[in-house]
Amino acid sequence: MRIESTVRGVRAFVDAARREGRSVGLVPTMGAFHAGHLSLMRRAVADNDVTVVSLFVNPTQFGPQEDFSQYPRDLEGDAQKAREAGVSLIFAPSEEEMYPPGACTWVTVDRLTEGLCGRYRPGHFRGVTTVVTKLLNVVQPDRAYFGEKDYQQLQVIRRMVRDLLIPVEIIAQPTVREPDGLAMSSRNAYLSPEERQAAVRLPQALQAAADLVRQGATGADAVRRALELLQSEPLLRPQYVEAVDPETLEDRSASGAPLVLAAAVMVGKTRLIDNIRVNG
Ligand code: AMP
């Protein structure tokens, strides 16, 4: 497995693979790999001849009060895990490599970025769509892999690729969870033992709410139930629970399945998100 820090180096590697007729998969990440990241990598390795994993803690998707400087970084440990997963190349660029001096060009997706996390993280999705566009331009993969854990991000990227006619297939992987149901996240490392225990209420609340919808309740009933359960755990401060259309992310509180129940909570200083899809 190679590690490259320059756009030039990645392009040379990918060009050589393409000349030999090999297919290329890309898995964009911010590192601190856990089983969720590894499931994306394994899927990419299974689907493609060559798998590139980008590892870049993207400053433009963090707000000024957010955890950019503390975000866990472990290139050596990550490289080991990626190698074991069969990854061909890690692209770990510097900030200057991704944002050349004077950079002032942004990619923005309207509408889908306005609700859910967009309301609580102004500018976040603009940072995500801009960096993902750059990564797609650098690697020009046949397929790119994203987790359903970040459901809004996944739908925003699908929309962006369609709207900008970017020639790549977007492939989603289901959320990988801890044995008690908590979605794996690099940010779980911030939780104290008490907070970690309380955090399990997030998937439990969404699961209970999803069960209600399966029994015929509306999105609004489900949201109310989830909020009750979240609020009864003193260490959790819910930001939102919403019932939305699985594709457009428009409000679906008045209707039943199919919908996605999505939530964000603060646990101390840590922000956690999760979602569950209820099919019709
Ligand atoms: P991140 O490093 O947090 O930016 O995540 C990189 C990719 O891994 C994104 O597409 C995430 O949606 C995905 N991902 C993160 N956590 C999980 C998880 N628990 N299960 C599946 N995919 C995940």
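# Rings, sheets and buried residues

R73 lies over the face of F68, 5.0 Å from the ring centre; a charge counts as over a ring if NZ of Lys or CZ of Arg is within 6 Å of the ring centre and within 35 degrees of the ring normal. The model is predicted: local features need pLDDT of at least 70, side-chain atom pairs count only at pLDDT 80 or more, and totals for chains, interfaces and linings use all residues. Residues are numbered from 1 along each chain as its sequence is written, and side-chain values use heavy atoms, without hydrogens and water.

## Exercise A: the rings

Describe the aromatic pair of F62 and F68 and its setting.

Solution. Start with the total: the structure holds 4 aromatic pairs. One of them joins F62 and F68, at 5.4 Å centre to centre with 65 degrees between the planes. That geometry is edge-to-face (rings of Phe, Tyr and Trp, the last by its six-membered ring, pair with centres within 6.5 Å; planes under 30 degrees apart are stacked, over 60 edge-to-face, the rest tilted).

Next, check accessibility. F62 counts as buried because its relative accessibility is 10%, whereas F68, at 23%, counts as partly exposed (buried is under 20% relative accessible area, exposed over 50%, partly exposed in between, with a 1.4 Å probe and protein chains only). Then widen the view: F62, F68 and Y71 make up one aromatic cluster.

Finally, find another charge over a ring. The charged end of R126 sits over W106, 3.6 Å from the ring centre.

Solution. Read the order first: β1-β4-β3-β2-β5-β6, with parallel pairing (strands pair if DSSP finds at least two bridges between them; strands are DSSP runs of E, at least two residues, and helices runs of H or I, at least four, numbered from the N terminus). The edges are β1 (2-4) and β6 (169-173); each has a single partner strand, so one side of each lacks a neighbour in the sheet. Neighbouring strands are turned by 25 degrees against each other on average, direction ignored.

## Exercise C: strand β2

Solution. Take the faces one by one. V24, L26 and P28 are buried on one side, and G25, V27 and T29 are buried on the other. Both faces are thus covered, with 6 of 6 residues buried.

Then count bridges. β2 and β3 run parallel and share 6 bridges. The chain passes from β2 through helix α2 (residues 35-47) to β3 in a right-handed β-α-β crossover (with the strands pointing away from the viewer, the path from the first strand over the helix to the second runs clockwise). Against β5, β2 pairs in the parallel sense over 2 bridges.

L26 stands opposite V52 in β3, and its bridge partner in β5 is A144.

## Exercise D: the antiparallel sheet

Trace the open sheet of 3 strands and its hairpin of β8 and β9.

Solution. The order is β7-β8-β9, with antiparallel pairing.

Follow the pairing. Strand β8 (residues 259-267) meets β9 over 9 bridges. V260 has R277 as its bridge partner, and V265 stands opposite L272. The hairpin has 2 residues between its strands, and G268 takes a positive phi near 60 degrees.

Where are N188 and Q173 found?

Solution. N188 is in the loop between β6 and α8 (193-199). N188 is buried at 13% relative accessible area. Not counting residues up to four places away in sequence, N188 touches L182, A183 and L272.

Q173 is in strand β6. Q173 is also buried, at 13%. Beyond four places in sequence, the contacts of Q173 are S39, L40, R43, F146, G147 and E148.

Notes. Axes fitted to C-alpha atoms, helices over the stretch in contact; angles between N-to-C directions. Contact = heavy atoms within 4.5 Å.
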